[in-house]
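The following paragraphs are meant to be read alongside the sequence and the coordinates, moving from single residues to the elements that hold them and then to the chain as a whole.

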Amino acid sequence: MDAVPVVLHGLVLSTVGLHLTHALAQRSQAGRFYRAARAALGASSPVSPARLPSVDVVIPCFNEDPDLLQACCASLARQDYQGALRFWLVDDSSHNRTQLRPVYRHWQRQPHWHVQLHDRNLGKRQAQNTALHQGTGELVLTIDSDTVIASDGVRPPHELATELAAAASLPALP
């Protein structure tokens with residue numbers, strides 16, 4: 001199976017889980033995600049952890065409060081997703097990088113965590129692109145650096161596709 005990255009953008013995360021706010025509002029995006037998830041996972045096969053796609057989680061950061069960034073990263077580290085997770089923390093030349101360095105050092109030492117430091121401010125999208133170009137995940141999830149998510153915030157795509165299908169009045173996955 002050829003892996004085609006799917007970027008999940010415009011996210012709202014809560015204890016209920018992950019919802020694509022823009023995709024829910026635009027049926028074509030929901031349908032495209034639904035079809036991609038269905039094709040990647042197979043319409044009639046049960047999903048096992050071995051078949052779950054790898055996910056690159058991208059956290060662009062600029063002038064974030066160190067405590068908020070630490071809380072964000074800690075919540076991501078507690079994810080119960082059974083597939084492979086890799087985390088990309090990209091600092092876009094923060095003015096308070098000295099205060100952020102202990103947070104970066106801590107997470108850089110953790111397995112599956114990568115920290116990238118831009119020399120100059122290039123903007124949030126370029127910070128995300130830095131991680132996208134280096135990542136290898138089948139799916140990409142972007143998280144704001146001040147967001148704390150529940151342990152089930154990163155969920156298998158068949159669950160997301162089913163939620164999107166329901167929200168967009170598409171048939172559910174079997």
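Gln 126 is placed in helix H5, which runs over residues 124-134, and in this predicted model Gln 126 is partly exposed, with a relative accessible area of 33%. Although Gln 126 and Pro 60 are 66 residues apart in sequence, their C-alpha atoms are 9.0 Å apart in space. The buried residues of H5 are Ala 127, Gln 128, Thr 130 and Ala 131. Seen around the helix axis, they cover an arc of only 145°, which puts them on the same side of H5. These buried residues of H5 pack against E4, E5, E6 and E7.

An α-helix has 3.6 residues a turn, so residues three or four places apart point the same way.

Helix H3, residues 66-77, has 12 residues and reaches 16 Å from its first C-alpha to its last, close to the 16 Å expected at 1.5 Å a residue. At the start of H3, a side-chain oxygen of Asp 65 comes to within 2.9 Å of the backbone nitrogen of Asp 67. Within the helix, Leu 69, Cys 72, Cys 73, Ala 74, Ser 75 and Leu 76 are buried, and what covers the buried residues of H3 includes strand E4 (55-61), strand E5 (85-91), helix H4 (97-108) and strand E6 (113-117).

If its neighbours within four places in sequence are left aside, Leu 69 is in contact with Ile 59, Cys 61, Glu 64, Leu 89, Leu 100, Val 103, Tyr 104 and Ser 145.

Beyond its neighbours within four places in sequence, Arg 86 is in contact with Ser 54, Val 55, Asp 56, Val 57, His 112, Thr 136 and Gly 137.

His 112, one of these contacts of Arg 86, lies in the loop between H4 and E6. At 51% relative accessibility, His 112 counts as exposed, and its phi is near 70°, a positive value in a residue other than glycine. Asn 63, found in the loop between E4 and H3, likewise is not a glycine and has a positive phi, of about 55°; its relative accessible area of 32% makes Asn 63 partly exposed. Another loop residue, Arg 51, lies between helix H2 (27-41) and E4 and is partly exposed, with a relative accessible area of 35%. Arg 51 and Pro 156 are 105 residues apart in sequence, yet 10.0 Å apart in space, C-alpha to C-alpha.

Turning to the whole chain, the protein has 6 helices and 7 strands, which follow one another along the sequence in the pattern β-β-β-α-α-β-α-β-α-β-α-β-α. Of its 174 residues, 44% count as buried. Among contacts between residues at least 6 apart in sequence, 78% join residues at least 24 apart.

The confidence of the prediction should be kept in view throughout. The mean pLDDT of the protein chain is 77, and 64% of its residues reach 70 or more. Over residues 1-30, however, pLDDT stays under 50, and for this stretch the model has 69 contacts beyond four places in sequence. Where pLDDT is low, the predicted coordinates should not be read in detail.

Terms used
Residues are numbered from 1 along each chain as its sequence is written. This is a predicted model: local features need pLDDT of at least 70, side-chain atom pairs count only at pLDDT 80 or more; totals for chains, interfaces and linings use all residues. Side-chain values use heavy atoms; hydrogens and water are left out. Helices (H or I, at least four residues) and strands (E, at least two) are DSSP runs, numbered from the N terminus. The expected span of a helix is 1.5 Å times one less than its number of residues. Buried means under 20% relative accessible area, exposed over 50%, partly exposed in between (1.4 Å probe, protein chains only). Contact means heavy atoms within 4.5 Å. A polar contact is a pair of N or O atoms within 3.5 Å; within protein, one must be able to donate a hydrogen and the other to accept it, and residues adjacent in sequence count only if both atoms are side-chain atoms. pLDDT is the predictor's confidence in each residue, from 0 to 100. The arc is that of the directions from the helix axis to the C-beta atoms.
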